[in-house]
Amino acid sequence: MQIPTLVSPQDADLSARLDRLIDDKTKPLGSLGVLERLARQIGLIQATERPVIARPAIIVCAGDHGVTDEGVSAYPQSVTWQMVENFLAGGAAINVFARQNGIALHIVDAGVNHDFGVRPGLVDRKVAPGTANFCRGPAMSQAQCAAAMEAGMRFVDTLQADVLGFGEMGIGNTTAAAALMAALTGIAVQDCVGAGTGLDAQGVSRKADAITRALQLHAQAQTPLERLAALGGFEIAFLCGAMLRGAQRRMVLVIDGFIVTSALLVAAALQPVVLEYCVFSHCSDEAGHGRMLAHLGARALMQLDLRLGEGTGAALALPLLQAAVNFLADMATFSSASVSGKHD
C-alpha cells in the first residue's frame, strides 16, 4: 500500500492577499473571528482568493468490532446493521442534517457483521464481517488493514467534492478509538475512555480494563499502521485512507467526533500535513475527545455536547464554512464601498 504524500497548502503570498482582502471588508478588523480564520484556511486549501463550497459530501462508514465480546458497549452488536438500515431509509440524524444543508451522503459498509445484499445507496467495501477481539489477538491482519485504507482512498477518488466530512457507525468503536488514542498519544487509558453509548461506571471500568489488556498484548505494535491493525476497526482504517486521499486532492476535511478523530490520529502520524486540511467541527461530549484535540493542537468550531457520531457534527458545521466563503466573496470592501472609513 502506498501512503499518499501530502503537500502543505501554506502559501505566504496567497495568505497575505487573503488577509488583505479579509481586512478590507466593511467591518472592524478581526470582527468575524473564527470565520476569518476559516476563510483564509479554505482559500489556502483551494489555492484561490475566491474559495467556494459547491459540492459538500459526508462519508458515513460502518463496521463491527470483536471487542464487544468484552462487554464494552451498552448495546448489542446487531445495532450496527440496524442503524445502517436507518441510514439507508433516510431516518437517522445525519440524514436530517445532510438534507437540511444540501450535503451528499455516502453510506459505506467497511465491515458490518450482516449481509445487506446489493442495496441502493449502500457502498459495499466490506473487508470482513467485523474485526476480531483485540483482547485476544490483532483486530485486523496487516493485509486487512491495508485493504480497508486502500478502499477509503479509492472511494474518495470517485467523488467530486470540495468539502469532505466524515462519520461512522459501529458498536464498540469508542473502545477501538480510545485504545488507538492511548497507543498513539501516550495518554493514560483512564483519560481516554468514556461512556460511549451510555455505559455506567462499571461498564466504563470494563472498557478501560479491556484496553489495558489489549495494549499489553500488542506492546510490539509500534508503527501507526501496526497499531491501527492491532487495535482499530475497518471503518476507522477506511476513514484514515479517505482523509489522506482527500487532503492529497486538496479537499477541505471536516472532522466529526471521537471515533473520526481517532482515524485522524493515525493519518496525522503518517502524514502530519493532513492537519492543515482539517476543520474540527466540534468537541464531543465523549470524555477523551477534548484531550485528543489538545494533542493535535486543534480548535473546535462548536461545543454542542454531541456524542452521537454519524458525522452529525460535521454536517452541522457546514453552514459556518459556507458563511466563511460567502463573506469573502460577497461582502463589500472599503476599497469599493461608499463607506467613509474603517470602524474604530
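Start by selecting H9 (residues 234-248) and H10 (residues 258-270): the two make a right-handed crossing. Right-handed here means that the near helix is turned clockwise from the far one by less than a right angle, and left-handed means anticlockwise. Helices (H or I, at least four residues) and strands (E, at least two) are DSSP runs, numbered from the N terminus.

A word on what you're looking at: this is a predicted model, where local features need pLDDT of at least 70 and side-chain atom pairs count only at pLDDT 80 or more, while totals for chains, interfaces and linings use all residues. Residues are numbered from 1 along each chain as its sequence is written, and side-chain values use heavy atoms, with hydrogens and water left out.

Back to the pair on screen. The axes of H9 and H10 come within 8 Å and cross at roughly 55°, which makes H9 oblique to H10. Axes are lines fitted to C-alpha atoms, for helices over the stretch in contact, and angles run from 0 to 180 degrees between N-to-C directions. Under 35 degrees counts as roughly parallel, over 145 as roughly antiparallel, 65 to 115 as roughly perpendicular, and the rest as oblique.

Now show side chains. On the H9 side, pick Ile236, Leu239, Cys240, Met243 and Leu244; their partners in H10 include Ile259, Val260, Ala263 and Val266. Contact means heavy atoms within 4.5 Å. Sorted by class, this contact has 12 nonpolar residues, one polar and no charged. (Ala, Val, Leu, Ile, Met, Phe, Trp, Tyr, Cys and Pro count as nonpolar, Asp, Glu, Lys and Arg as charged, and the others, Gly among them, as polar.)

H10 passes H11 in a left-handed crossing. Select Phe258, Thr261, Ser262, Leu264, Leu265 and Ala268 in H10, and you'll find them meeting His289, Met292, Leu293, His295 and Leu296 in H11. The residues of this contact divide into seven nonpolar, four polar and no charged.

Which two residues form the tilted aromatic pair? Select Phe155 and Phe238: the rings sit 6.3 Å centre to centre, with 45° between the planes. Rings of Phe, Tyr and Trp (its six-membered ring) pair if their centres lie within 6.5 Å; planes under 30 degrees apart count as stacked, over 60 as edge-to-face and the rest as tilted. Phe155 lies in H5 (residues 142-157) and Phe238 in H9, so the pair ties together parts that are 83 residues apart in sequence. Phe155 is buried at 6% relative accessibility, and Phe238 is buried at 0%. Buried means under 20% relative accessible area, exposed over 50%, partly exposed in between (1.4 Å probe, protein chains only).

Next, jump to Ser15 in H1 (residues 12-23). Ser15 is buried at 17% and, leaving aside neighbours within four places in sequence, touches Arg40 and Leu44.

Then try Gln322 in H12 (residues 312-330), partly exposed at 25%. Its C-alpha is 9.2 Å from that of Ala39, although Gln322 and Ala39 are 283 residues apart in sequence.

Phi of Asp305 is positive, near 60°. Glu310 is in the loop between E7 and H12 as well, with a positive phi of about 70° although it is not a glycine. Glu310 counts as buried, at 3%.
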